[in-house]
Amino acid sequence: MNNKKDIIARINKEGDVAMDLRKKHPKRGLQIDYKNGRTAAIELFCLHCMGGGPDAAASAKACQSYTCPLWRFRYGATKGQIPPITLPTQEWYQKKIDASVSDAKREHGRKMGKARSQNNE
Ligand code: SF4
């Protein structure tokens, strides 16, 4: 049960990095927990990823995990910064998307054909 005493005990519990980060960054915690703050959530996630210690902010800012989906949005990121690696092109993504749509349509057609043939039996 989540009574007030349990919640306070959880908030005060030491060693829960995500909770400790909320206490250390209350504005971000408020944004995350009550205002759908995605940016604040990503920033705290990066601090959590970097261990949540005193160096976490600097480590997240200097993060070199360029393929991490959050890299562009990480704590301390410069807006518009492009990772220094070769990423798939927009055209490559579009081809994959188009191919998957075609596959889905093919699969749908197969199912419809199978259902029709079963109805005719
Ligand atoms: S961008 Fe870096 S710090 Fe942030 S979650 Fe990804 S790997 Fe962790």
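Guide: A crossing is called left-handed if the near helix is turned anticlockwise from the far one by less than a right angle, and right-handed if it is turned clockwise. By that rule, α3 passes α4 in a left-handed crossing. The model is a predicted one, in which local features need pLDDT of at least 70 and side-chain atom pairs count only at pLDDT 80 or more, while totals for chains, interfaces and linings use all residues. Residues are numbered from 1 along each chain as its sequence is written.

Visitor: Why are α3 and α4 called oblique to each other?

Guide: The axes of helix α3 (residues 26–34) and α4 cross at roughly 120° and come within 8 Å; these axes are lines fitted to C-alpha atoms over the stretch in contact, with angles from 0 to 180 degrees between N-to-C directions. Angles under 35 degrees count as roughly parallel, over 145 as roughly antiparallel, 65 to 115 as roughly perpendicular, and the rest as oblique. α3 and α4 are therefore oblique to each other.

Visitor: Which residues of α3 and α4 meet?

Guide: Arg 28, Gln 31 and Ile 32 of α3 meet Ala 40, Ala 41, Glu 43 and Leu 44 of α4, contact being C-beta atoms, placed from the backbone, within 7 Å. By class, this contact of α3 with α4 has 4 nonpolar, 1 polar and 2 charged residues (nonpolar: Ala, Val, Leu, Ile, Met, Phe, Trp, Tyr, Cys and Pro; charged: Asp, Glu, Lys and Arg; polar: the others, Gly among them).

Visitor: What makes α2 oblique to α4?

Guide: Helix α2 (residues 17–24) and helix α4 (residues 38–49) have axes that come within 10 Å and cross at roughly 125°. That angle makes α2 oblique to α4. The crossing of α2 and α4 is right-handed. Val 17, Ala 18 and Leu 21 of α2 make the contact with Leu 44, Leu 47 and His 48 of α4. The contact of α2 with α4 has 5 nonpolar, 1 polar and no charged residues.

Visitor: Which residues surround the ligand?

Guide: Among them are Phe 45, Cys 46, Cys 49, Cys 63, Cys 68, Trp 71 and Arg 74, where near means a C-beta atom, placed from the backbone, within 6 Å. α4 gives the most to this shell, with 3 residues. The shell divides into 9 nonpolar, 1 polar and 1 charged residues.

Visitor: What separates the centres of domain 1 and domain 2?

Guide: The centres, taken over C-alpha atoms, are separated by 40 Å. Domain 1 covers 4–83 and domain 2 covers 88–121, with bounds from an automatic or database domain assignment.

Technical notes. Helices (H or I, at least four residues) and strands (E, at least two) are DSSP runs, numbered from the N terminus. Two residues are in contact if their C-beta atoms, placed from the backbone, lie within 7 Å.
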